[in-house]
Amino acid sequence: MTQSNTINRRYVLANRPKGEPNEDTLRLETSEIPTPAKNQMLLRNVFLSLDPYMRGRMSDAPSYAAPVEIGGVMVGGTVAQVVTSNIEAYSEGDWVVAFGGWQDYALSDGTGVINMGKDPQNPSWALGVLGMPGITAWAGLTQIGTPKAGETLVVAGASGPVGATVGQIGKILGLRVVGIAGGSEKCSHVTDTLGFDACIDYKASSFADDLKQAVPDGIDIYFENVGGDVFDAVLPLLNASARIPLCGLISQYNATSLPDGPDRMNYLMGQILRKRITMRGFIVFDDFGHLYPEFSKQMTGWVKEGKIKYREEMIEGLEQAPSAFIGLLRGEAFGKRVIKIAD
């Protein structure tokens, strides 16, 4: 079923998953297209971003943001066009970046919306390299990683939209960059296309040894968005005064219990103390949203100059979103995964 101008398709949260989401987690419903009230506008969603944080919003465990309510529309960043507007700053046909969720149409009062004008180039990129993943990479590396030319940067999830951007920024800033990705195809992309100095396959049985060989001078900055066994291999290789920007832990999002094995908390705390490691978690728009204009100007320039390359994985059809999201959490995505809802 394609997008229409008479009904609104929307995916709502049917139940809270235990472990990995499945085909019963979200339910497709239809409703009337809403009518904007005073100081509101109606948006027609064209592109929907799929991001790991969405798994956390399916849970009612304490977090930095409120969970999606049962029966509520699944949250998500969107690129949309204005259908009708009762807001002075927006007019019919404007392309906007919004938070319209997993549906065809959404109402907005303009809060948090970015107007891209009538004819932006590559509008879907505002969900990737020029949007939330891009500023996550840029702010995490520059504001927390505080890179210095000649240092060694290791990036988890190196073929994904955040990791790929982190590593390329690292190269621009004069770092030696080692990526970590799953499989030879992704690793080849990371080195041959993105220009990393090396990429280590975390699926290989020799992963820990391979990583050690790739960082003979140790690790000064580790950009973390995976956790689990990857972090276990990185931790002993960190140098004194290493910095760890932490924006995600995708390996843990479907976990229903702590991992087997001994309690490693004392080991971790000892490493942090003895090596004077700085580890800081961050929620990008909460912590660094005020830097968006600076980020946007710099990243737009880098992209235009060809210094930052971007891979987008476009999937056609809103009905594909649930399975595409499950695959994302399994590590199947290659680049920034976006759902094309409409033409």
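Author: A residue is called buried when its relative accessible area is under 20%. The model discussed here is predicted.

Reader: With that cut-off, how many of the nine residues of helix 10 are buried?

Author: Eight of the nine residues in helix 10 (residues 321-329) are buried, and the helix is thus mostly covered. The buried positions are Ala-321, Pro-322, Ala-324, Phe-325, Ile-326, Gly-327, Leu-328 and Leu-329.

Reader: Which elements cover the buried residues of helix 10?

Author: Cover of this kind is read from contacts, that is, from heavy atoms within 4.5 Å. For helix 10, the covering elements include strand 1 (7-13), strand 2 (26-32), strand 3 (41-49) and helix 1 (53-57). Strand 14 (312-316) and strand 15 (336-340) also belong to this cover.

Reader: What follows helix 10?

Author: Helix 10 is followed by Gly-331, which has a positive phi, near 85°.

Reader: Why does the pair of Trp-138 and Phe-295 tie together parts that are apart in sequence?

Author: Trp-138 belongs to helix 2 (residues 132-145) and Phe-295 to helix 9 (residues 292-304), so their pairing ties together parts 157 residues apart in sequence.

Reader: Are Trp-138 and Phe-295 buried or exposed?

Author: Trp-138 counts as buried because its relative accessibility is 1%. Phe-295 is buried as well, with a relative accessible area of 0%.

Reader: Which residues do ring pairs link into a cluster with Trp-138?

Author: Ring pairs link Trp-138 with Phe-285, Tyr-292 and Phe-295 in one cluster.

Reader: Which residue lies over the face of Phe-334?

Author: For an Arg, the position of CZ relative to the ring is what counts. Arg-311 lies over the face of Phe-334, 3.6 Å from the ring centre.

Reader: How is the second largest pocket lined?

Author: A lining can be described by its residues, their classes and the elements that supply them. The second largest pocket holds about 770 Å³ of space. Its lining has 22 residues, and Phe-231, Asp-232, Pro-259, Arg-264 and Leu-268 lie nearest the centre. Helix 6 (228-234) and helix 7 (265-274) are the elements that give two or more residues to this lining. Helix 6 provides the largest share, four residues. By class, the lining of this pocket comprises 12 nonpolar, four polar and six charged residues.

How values were computed. Residues numbered from 1 in each chain as written. Predicted model: local features only at pLDDT ≥ 70, side-chain atom pairs only at ≥ 80, totals over all residues. Heavy atoms only, no water. Buried < 20%, exposed > 50% of the residue type's maximum accessible area, 1.4 Å probe, protein only. Phe/Tyr/Trp six-rings, centres within 6.5 Å; stacked < 30°, edge-to-face > 60°. Lys NZ or Arg CZ within 6 Å of the ring centre and 35° of its normal. 1 Å grid on protein atoms, 1.4 Å probe; cavity = no way out; pocket = protein on both sides within 12 Å on 5 of 7 lines; lining within 4 Å. Points joined across faces, edges and corners; volume = space filled by probe spheres on them. Nonpolar A, V, L, I, M, F, W, Y, C, P; charged D, E, K, R; others polar.
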